[in-house]
Amino acid sequence: MAQLSDQRMAKSSACIIRSMTKSERVAAALSRRPVDRPPVAFWRHVPEVDHTARGLADAMLAFHRRWDLDLIKVMSSGVYCVEDWGCEVAYTGAVNGAKQCTRHAVQKRADWARIKTLDAGAGALGRELEAVRLIVRGRVDDAPVLHTLFSPLTIARKLAGDRVASDLREEPDAVTPALEAIGETVARYAAASIEAGAEGIFFATQAANPDSFTREEHDRFDLIHVRRILRFVQGRSRLTMLHAHGDLPYLDAFTGVSIHAINWHDRTTSPTLAAAARQFSVALVGGLNQQQTLRKGTPAAIATETADAIAQTDGVGLIVGPGCVLTMNTPDENVSAVIRSLGGPLKPVPGIRFERSG
């Protein structure tokens with residue numbers, strides 16, 4: 001009888017799962033503690049309205065309300081960071097919604113000398129800070145807000161296009177002062193983002209892959225600045241998420257860097273989530289293929305991919321999300337399929353180690 005009673009008590013307590021707020025859920029994932037369910041996040045460009053602070057803020061808040069996500073990644077255009085240095089930008093129809101530099105600020109090697117430190121609160125940078133303030137004021141829950149920033153070498157490539165690689169290889173001394181000025185601007189801007197109300201930063205690098213730069217070039221010309229910038233906001237940023245864009249990213253370069261989470265195209269390149277969980281002590285963000293499964297798959301395939309992400313990580317230290325930005329033509333029903341497959345706070349997903357009470 002005692003054994004039967006124990007079994008009944010265990011079964012009863014197993015049904016009681018403490019529901020978490022979004023902030024608590026994200027914090028638990030970052031520290032690799034059990035969660036009521038894995039946090040989920042998506043982000044999508046809004047090129048038709050992101051040229052004003054109010055337009056961007058309203059779109060971010062509407063997207064957040066629509067999907068009830070666990071964090072808000074501010075989806076500034078990918079080229080806001082170079083407007084104040086003179087790049088002309090426009091949306092040219094990219095399926096991922098990203099705007100492009102239609103005229104680069106650096107047209108010739110001598111132009112690098114014109115890249116000086118910017119005022120973090122003025123111009124396009126100030127416009128995006130105002131959007132952050134509006135988003136923070138407008139949210140109705142405790143979901144952390146992350147502002148999007150870019151690594152200095154990523155910004156240099158946006159400023160100059162492909163010529164940045166040849167300039168660095170042929171005359172690095174012409175480019176490195178500009179990289180210093182960019183790095184100083186990004187560090188100040190990261191701090192300004194936190195002061196504007198963001199809980200953290202989404203720090204994107206498009207330079208940490210062999211299609212862009214060699215590993216030696218990345219470490220010499222970008223990683224040194226990345227480390228400095230992220231140390232500058234260490235202790236101030238509650239959630240620093242690193243996004244390493246591209247195939248075969250140099251993820252091991254970021255071991256020991258001051259980040260809380262890392263995001264990459266885990267469904268289309270190495271490492272897998274399971275391998276990364278063994279390699280990194282920070283939280284992992286991913287599990288969903290934004291180009292194939294989310295864009296073209298069935299709800300059943302999406303549920304399977306979500307469950308596999310949970311299985312790879314045991315549901316601990318995981319924020320379910322895409323490897324990169326959602327495409328503009330991602331069907332709403334596919335985003336909804338992810339949300340449904342995760343369930344609500346009191347609907348456990350198989351494979352997750354839940355925190356229980358009672």
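P271 sits in the loop between β7 (261-264) and α10 (273-279). Helices (H or I, at least four residues) and strands (E, at least two) are DSSP runs, numbered from the N terminus. A cis peptide bond, with omega about 0 degrees, joins S270 and P271.

This is a predicted model, in which local features need pLDDT of at least 70, side-chain atom pairs count only at pLDDT 80 or more, and totals for chains, interfaces and linings use all residues. Residues are numbered from 1 along each chain as its sequence is written, and side-chain values use heavy atoms, with hydrogens and water left out.

## Overall build

The protein has 13 helices and nine strands. Its radius of gyration is 21 Å, close to the 21 Å that the globule rule gives for 358 residues, so the protein is as compact as a globular protein of that length. That radius is taken over C-alpha atoms, and the globule rule is 2.2 Å times the number of residues to the power 0.38. Along the principal axes, the C-alpha atoms fill a box of roughly 85 × 40 × 40 Å.

Of the 358 residues, 56% are buried. Buried means under 20% relative accessible area, exposed over 50%, and partly exposed in between (1.4 Å probe, protein chains only). The protein exposes about 14,600 Å². Carbon and sulfur atoms supply 52% of that area. Accessible areas come from the Shrake-Rupley method with a 1.4 Å probe; for residues, only the protein chains shown count as cover.

Contact means heavy atoms within 4.5 Å. Among contacts with a separation of 6 or more, 73% join residues 24 or more positions apart.

The protein carries 43 positive and 40 negative charges, and their mean positions are 4 Å apart. Lys and Arg count as positive and Asp and Glu as negative, while His and the chain ends are not counted. Each charge is placed at NZ of Lys, CZ of Arg, CG of Asp or CD of Glu.

In soluble globular proteins, nonpolar side chains tend to be buried together. Here the largest nonpolar core has 113 residues. Helix α8 (residues 172-195) gives the largest share of this core, 10 residues. A nonpolar core is a set of buried Ala, Val, Leu, Ile, Met, Phe, Trp, Tyr and Cys residues joined through side-chain atoms within 4.5 Å.

F42, W112 and L159 have the most contacts inside the core. Beyond four places in sequence, W112 touches V106, A156, L159, A160, V164, D167, A174, V175 and A178.

V186 lies in helix α8. Leaving aside neighbours within four places in sequence, V186 is in contact with L149, F150, I155, F203 and I229.

The table pairs each residue with its accessibility and a C-alpha distance.

| Residue | Element | Relative accessible area | C-alpha distance |
|---|---|---|---|
| T240 | strand β6 (residues 239-244) | 2% | 22 Å to A181 |
| V186 | helix α8 | 6% | 16 Å to H243 |
| A337 | helix α13 | 4% | 12 Å to A307 |

T240 and A181 are 59 residues apart in sequence. For V186 and H243 the separation is 57 residues. For A337 and A307 it is 30 residues.

T240 touches I201, L230, S258, I259, H260 and A261, not counting residues up to four places away in sequence.

## Helix α13 and its surroundings

Helix α13 spans residues 332-342. Its buried residues are N334, V335, S336, A337, V338 and L342. They pack against α3 (53-67), β8 (283-288), α11 (293-296), α12 (299-313) and β9 (318-322). A337 is in contact with P299 and I302, leaving aside its neighbours within four places in sequence. Just after α13, G343 takes a positive phi of about 80 degrees.

Where does D68 lie? D68 is in the loop between α3 and β1 (72-73). Its phi is near 55 degrees, a positive value in a residue other than glycine. D68 is partly exposed, at 47% relative accessibility.

D314 is not a glycine either, and has a positive phi of about 60 degrees. D314 lies in the loop between α12 and β9. Its relative accessible area is 33%, so D314 counts as partly exposed.
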